[in-house]
Amino acid sequence: MKTENQKAWFFVLPVLLLVAFNALVPIMTVVNYSVQETFGNNVFFWQGLDWFEQILRSDRFQAALGRQFLFTFLILIIEVPLGIIIALSMPRNGFWVPVCLVTMALPMLIPWNVVGAMWNIFTLPDIGLLGYLMNHTLGIPYDMTQNPFAAWVTIVTMDVWHWTSLVVLLSYAGLVSIPDAYYQAAKIDGASAWKVFRFIQLPKLKTVLTIAILLRFMDSFNIYTEPFVLTGGGPGNSTTLLSIDLVKIALGQFDLGPAAAMSLIYFAITLLVSWLFYTLMTKDDAQ
Amino acid sequence: MAKITLSNLRHSYMPNPKGPEDFALKEIDLDWQDGGAYALLGPSGCGKSTLLNIISGLLAPSEGRILFDGKDVTNLPPDQRNIAQVFQFPVIYDTMTVRENLAFPLRNRGVAEAKIAERVAEIAAMLEVEEMLDTRASHLSPDNKQKISMGRGLVRDDVNVVMFDEPLTVIDPHLKWKLRSKLKELHQRVRATMIYVTHDQTEALTFADQVVVMQDGEIVQIGTPVELFERPQHTFVGHFIGSPGMNVLPADEGQGGVTVEGHPITLEGKITGSGGAAQVGIRPEFVSLAKTGLPGRVRKVSDIGRHSVLEAKVGDTSIKAVIDGPVPAQGEAVHLAFRADQTRLYRDGWIATEVGA
């Protein structure tokens, strides 16, 4: 006989309290702001869903959301294949393994605002290594403070530089866990290198890649620090991603109501995409 | 199908092997006859997997040659040797169906689709996996997965040899027996040369016509299961095969013959050679209780079902005997008799008596 009682609650309660104070309460404050208007002095007027409607209809939000999806799409389509290729070409054993691993991990260890500052200086047309090389040595005009395309190339390259390692390290961990027998069997079966990748390595990488893509999606979708330090959303609004726009509305214009509504929409989109992706990727295994 | 010849094969995992102790395989010379069912038996680390990987081409030997039907294949990669190998853990392609798994080695070699369908159907029937042909291979149970990896080995009708590297390790005990008899049956049907590597004597003895016993990178004896049981060439074989293993008793060689603990022993025949550490070997099955014989005291009796295993102490030497019927109690004084034609002398481990007339 299994005894059934309410004891479990006793153990779960501390976690519930912790989550309540660091997540639920702050979110409810935001919910509170998102449905009211205030002119200070703690006086609030009920607005209903007006702010949500206003945000969803605004060209500014739609443009920022479009840029956000474009950014995330670009970095995923570059970082995931690139990460897998690098992981595949890394040595499996010997002296170079720790060297490669540490080199790969280095970019991830640098504080995010430092990454932004580094790339800012790196790309300055007159004194930056890359900026000088492009403009003065190669004669290719490249100034991310003036040219939106150059700004996009820079933020995408910066993110690829910063975060491809995550995909590399996760894929590498997945690859080394494949037993040798699989490769030996494939050799005996006469499988080509592509078939080994397609039928052995890729299926075995599926779980780690799901995690890698999920992490990269959430991180890149919520990215703020690096592009803020690098371009500040400019030139014009060309690199104003959702989070940068949100901070502009909340802290620049101090429109707390619309900002609160926007952050809830933002949160809902992140959650929805992550959930959809995860469900689709794990659907097969559950059967 | 082919006859496989290993000639002066040596292998070391070290770049510059110095003494014989650096070699995982020491001097192997061996012929595997076409269509034979062989078992490669030995304790873990004796070099049997190394030997297997050299035959399949996954490993290049440090020295020596491998010939398939007289053709030197030492430097050919696995896919050009036309061999098949089944591994310890079932290797299947997770994302493919069972049918695609079985067809994979053929597709890679550009075999016509009609021929593939025919072969897959044939193999599936043989393995009795027809009803799961369209299931995803990842959803199968371990024993069925292992069946599929065997099937991938058998699907090519021109394989020179099919090798099994302890294929039943992850299979549940009650299914082991089933799969083992399936294998035996498959061998009789396809008549391919098969080499079965194992450290389990039951598996080796039930599967193979010829068993190759290895120890420390050397072949100690090649023979039929009966030969290995009845006339071990080396005390290691005697000890390793049989349950319990052969009694190996320290002996003294004197003018009047061979004695164990001072008691004279009658051997099967003439003693050959001289010198070296002498030991008398006799299987527990051929030791019986008698009125006369070696006097000893019963130390332990274990009932193992059909018969009992009695362990008696004669002086400082303990001797095991397999006894049918009533057994004496622990501590009782007994006399042990050896069947003369099954009693052999070993010198430094190697047999040193001839079969008597």
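The model is predicted, and local features are described only at pLDDT of at least 70, side-chain atom pairs only at pLDDT 80 or more, while totals for chains, interfaces and linings use all residues. Residues are numbered from 1 along each chain as its sequence is written, and chains are lettered from A, ligands numbered from 1, in the order in which they are written.

Helices (H or I, at least four residues) and strands (E, at least two) are DSSP runs, numbered from the N terminus. The unreviewed entry also gives "transmembrane region" spans in chain A, including 199–218 and 260–281. Residues 199–218 are 100% helix, with end C-alpha atoms 29 Å apart. Residues 260–281 are also 100% helix, and there the end C-alpha atoms lie 32 Å apart.

Now look at helix α9 of chain A, residues 193–221. What distance separates its end C-alpha atoms? They are only 35 Å apart, short of the 42 Å that a straight helix of 29 residues would reach. That expected span is 1.5 Å times one less than the number of residues. Several residues of α9(A) are buried, among them A:Phe199, A:Leu205, A:Ala212 and A:Phe221. A residue is buried if 20 or more other C-beta atoms lie within 10 Å of its own, exposed if 12 or fewer, and partly exposed in between; C-beta atoms are placed from the backbone.

Next comes the meeting of the chains. Here 13 residues of chain A are in contact with 19 residues of chain B. Contact means that C-beta atoms, placed from the backbone, lie within 7 Å. The largest share of the chain A side, six residues, comes from α8(A).

Turn to chain B. It has nine helices and 22 strands. Of its 357 residues, 42% count as buried. The unreviewed UniProt entry lists residues 4–241 as "domain: ABC transporter". That stretch is 37% helix and 24% strand.

The largest nonpolar core has 80 residues. Such a core is a set of buried Ala, Val, Leu, Ile, Met, Phe, Trp, Tyr and Cys residues joined through C-beta atoms within 7 Å. B:Ile195 is one of the residues that touch the most other members. Beyond its neighbours within four places in sequence, B:Ile195 contacts B:Trp32, B:Tyr38, B:Leu40, B:Leu52, B:Val161 and B:Met163. Apart from this core lies another, of 23 residues, with B:Leu249 and B:Leu345 among them.

Finish with the backbone. Most residues other than glycine have a negative phi, and most peptide bonds are trans. The bond from B:Ser243 to B:Pro244 is cis, with omega near -5°. B:Pro244 sits in the loop between α9 (235–240) and β11 (247–250) of chain B. Where is B:Glu128 found? B:Glu128 is in the loop between α4 (113–127) and α5 (142–154) of chain B, and its phi is near 60°. B:Glu128 counts as exposed because it has 11 C-beta neighbours inside 10 Å.

Conventions
Two residues are in contact if their C-beta atoms, placed from the backbone, lie within 7 Å. UniProt positions are given in the numbering used here, feature names are shortened, and annotations may be inferred rather than shown by experiment.
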